[in-house]
Amino acid sequence: MDVSQQPLVRLEGVEKSFQRGSEQIHVLANLSLQVGRGEFLALMGPSGSGKSTLLNLVGGLDRPTAGAVEIDGERIDQLSERQLAAWRARHVGLVFQFYNLLPMLNAERNVELPLLLTHLSRGERREHVRVALEVVGLSHRTRHYPRTLSGGEQQRVGIARAIVNDPTLLLCDEPTGDLDRKTGDEILTLLQALNRDQGKTIIMVTHDPHASARATRTLYLEKGQFSTEKPE
Amino acid sequence: MISWLNQILSVTLFSLRTIPERKGSAFSAAIGIAGVVAVLVGVLSIAEGFRAAMSVPPNQHVAIVLRSGADSEMTSGLSREETRLIGLAPGIHEGPNGPMASSELFVMINLPKKSTGTDANVPMRGVEKEAAAVRGDLRVIQGRMFESGRSEIIVGAGAARAFSGLDVGQTLRVGANEWKVVGIFSGGGGAAESEIWTDAAVLQPAYNREDSFQSVYARLETEGAFQKFKDALSTNPQLKVRTLLQSDFLAEQSSILTGFIETIGMSIAGLMALGALFGALNTMYTVVASRSREIATLRALGFGASPVVISVLFESLLIALLGGSIGAAAAYGAFDGFQAATINWQSFSQIAFAFAVTPKLLVMAIVWAAVIGIIGGLFPALRAARLPVAIALRET
Ligand SMILES: Nc1ncnc2c1ncn2[C@@H]1O[C@H](COP(=O)(O)OP(=O)(O)OP(=O)(O)O)[C@@H](O)[C@H]1O
Ligand SMILES: [Mg+2]
């Protein structure tokens with residue numbers, strides 16, 4: 001079977017539970033999921049349903065209690081902590097609700113961060129950063145520090161940082177959760193463009209139906225299980 | 001590998017950039033460490049200064065003979081007959097008046113200190129007429145030498161500075177005895193300048209010592225004569241004595257006190273270091289906590305745990321070294337050359353000396369600071385590194 005025919009993300013019988021004191025909390029139970037290349041998947045569900053937990057498993061930020069997580073044909077649930085870090089650096093771009101920019105670095109330097117983990121030369125890094133900032137429409141703000149940027153601008157820097165090393169997969173946890181409607185829409189338009197024009201596969205967690213409307217597919221998570229139907 | 005070093009370098013640079021934002025806590029940790037270092041250097045500079053004051057260049061020419069088993073003149077005792085036999089031993093330099101040896105005894109008297117007015121012990125030494133020639137470098141710098149058979153004393157320059165009533169021409173009343181100060185001397189090696197000297201033949205009856213002494217000082221004829229002298233005494237069945245070079249004797253005396261001071265200094269500094277360590281720990285925990293989001297973000301992006309550990313350690317080390325330098329500089333400014341007197345615990349006499357903040361001490365201070373910094377940073381750094389990324393991200 002041709003590799004490009006395989007789903008990019010494949011979860012099989014995934015379980016995730018946390019130990020809280022003496023109590024076991026089962027967050028995800030026997031969950032399976034496939035996301036194809038070039039999809040823009042929205043993940044919705046009530047608070048505490050396990051959306052972030054699921055995203056962490058797909059992004060290699062955490063490992064499942066049981067089951068398989070396969071990204072681009074690689075079983076990442078079997079990687080060590082150290083291997084996972086290296087894998088994340090190469091394969092995923094992360095976009096956070098609160099941007100998670102480093103306050104002491106300007107926009108350019110923040111975007112450059114993932115490239116410090118590559119073997120690119122200084123000049124090559126600069127070029128990648130320039131392109132990424134251009135894609136998100138922030139070419140005129142490259143030397144600004146996060147505190148001097150608006151929320152929307154900070155999120156654009158965050159997205160530029162997520163795409164600068166050309167990852168296979170873009171994972172966004174409530175990327176518009178801290179933005180007003182208009183700014184959020186702009187960010188969604190940007191994500192949509194990345195998906196449509198650059199073929200980026202995106203998984204986005206959101207509480208906002210406006211946001212999920214931009215996606216190519218929406219899944220609802222409830223009590224650790226997918227429900228095909230929209231609740232209510 | 002390159003990328004790993006790159007990671008360490010960049011993460012460290014990021015964290016150093018944030019120091020100005022929390023200069024308050026960084027500064028207070030640095031000051032805590034500065035205090036430890038200043039106390040450590042201060043106390044140890046006493047020991048160093050004392051060592052310097054007591055140190056005498058190795059001198060192959062002057063020997064001291066004590067009763068066997070005695071570790072100081074105070075605990076020694078020799079009869080007239082024994083001192084006579086010692087004076088006949090081979091190896092002693094033959095002077096114009098016969099063998100150059102001086103049988104001596106030693107008493108403690110109480111005199112008021114100039115600085116505080118309170119009484120302190122001063123050693124008073126009864127010597128024979130060869131005593132100055134035996135030492136070789138003793139000079140009367142004011143007045144004259146005492147005359148034998150008379151209640152006259154000469155006073156060491158250090159003692160004359162530290163105690164009142166010891167100027168030339170003054171009369172010293174101790175118990176039933178009166179002593180006339182006729183001269184001030186310098187030199188004599190070791191603690192001699194802190195002493196008062198008189199004729200042994202006068203001191204013996206004044207203190208009911210009959211015809212006994214405590215030590216014999218002898219000038220040796222050549223560099224190699226000491227072994228011959230010592231062997232002759234140890235093989236003489238009529239004598240049970242301990243023979244050593246005066247320079248070795250003085251070194252032995254001072255090492256006991258310097259060891260004592262060093263122990264005290266280390267204990268005080270150790271306790272303070274413990275305090276400063278908690279200060280540093282607290283600071284670095286705060287640093288790690290305040291930067292936990294950045295650390296979590298970097299790790300989520302794929303930065304390793306070790307660059308994070310190293311950057312926290314490095315920052316802690318830097319703060320500690322800053323504190324260490326401040327403390328060392330303060331100690332140097334405050335203590336170096338500071339004049340003081342202390343009690344010699346062997347003879348309970350006063351010894352004048354100056355604090356000495358030596359380069360060795362400064363290096364040691366920096367090492368202490370570095371150790372505090374590394375330990376203080378280690379636990380917070382490990383905590384930051386051990387925390388799973390997913391949890392770290394949730395907590396921010
Ligand atoms: N590290 C952890 N330790 C203990 N419990 C955890 C941990 N991470 C998540 N949980 C629990 O797992 C459940 C799901 O959490 P998760 O963050 O995935 O929810 P979510 O769907 O993203 O919610 P929200 O919409 O509020 O972000 C919650 O009950 C949460 O308390
Ligand atoms: Mg969540």
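How much area is buried between chain B and chain A, and what percentage of it do carbon and sulfur atoms give? The model is a predicted one, and in it the area buried between the two chains is about 2,100 Å². Carbon and sulfur atoms give 65% of that area. The size of an interface is often stated in this way, as the accessible area lost when the parts come together. Counted by residues, 20 from chain B are in contact with 21 from chain A.

The pairing across this interface can be described next. The rule finds zero salt bridges between chain B and chain A, but it does find five residue pairs in polar contact, with both residues at pLDDT 80 or more. On the chain B side, three helices each supply at least two of the residues that touch chain A: α1 (2–17), α9 (292–301) and α12 (389–395). Of the elements of chain B, α9 gives the most to this side, with seven residues. By residue class, the side of chain B that touches chain A divides into eight nonpolar, seven polar and five charged residues.

Chain B also has a nonpolar surface patch of about 570 Å². Its members are B:Tyr285, B:Val363, B:Val367, B:Val371, B:Ile375, B:Leu378 and B:Phe379. Helix α11 (residues 359–386) of chain B provides the largest share, six residues, while B:Tyr285 is found in helix α8 (residues 246–290).

Salt bridges are present elsewhere. Side chains of opposite charge can pair when their charged atoms come close. Over all chains, a search of the whole structure finds 30 salt bridges. One of them joins A:Lys16 to A:Asp62, with the closest N and O atoms 3.4 Å apart. A:Lys16 lies in strand β1 (residues 9–20) of chain A and A:Asp62 in the loop between α1 (51–58) and β4 (66–71) of chain A, so this pair ties together parts that are 46 residues apart in sequence.

Definitions and conventions: Residues are numbered from 1 along each chain as its sequence is written. Chains are lettered from A and ligands numbered from 1 in the order in which they are written. This is a predicted model: local features need pLDDT of at least 70, side-chain atom pairs count only at pLDDT 80 or more; totals for chains, interfaces and linings use all residues. Side-chain values use heavy atoms; hydrogens and water are left out. Contact means heavy atoms within 4.5 Å. Buried area is the accessible area (1.4 Å probe) that two parts lose on being put together, summed over both. A salt bridge is a side-chain nitrogen of Lys or Arg within 4 Å of a carboxyl oxygen of Asp or Glu. A polar contact is a pair of N or O atoms within 3.5 Å; within protein, one must be able to donate a hydrogen and the other to accept it, and residues adjacent in sequence count only if both atoms are side-chain atoms. Helices (H or I, at least four residues) and strands (E, at least two) are DSSP runs, numbered from the N terminus. Ala, Val, Leu, Ile, Met, Phe, Trp, Tyr, Cys and Pro count as nonpolar, Asp, Glu, Lys and Arg as charged, and the others, Gly among them, as polar. Patches are made of residues with over 30% relative accessible area and no salt bridge: like charges are joined within 9 Å, nonpolar side chains (Val, Leu, Ile, Met, Phe, Trp, Tyr) within 5 Å. Accessible areas come from the Shrake-Rupley method with a 1.4 Å probe; for residues, only the protein chains shown count as cover.
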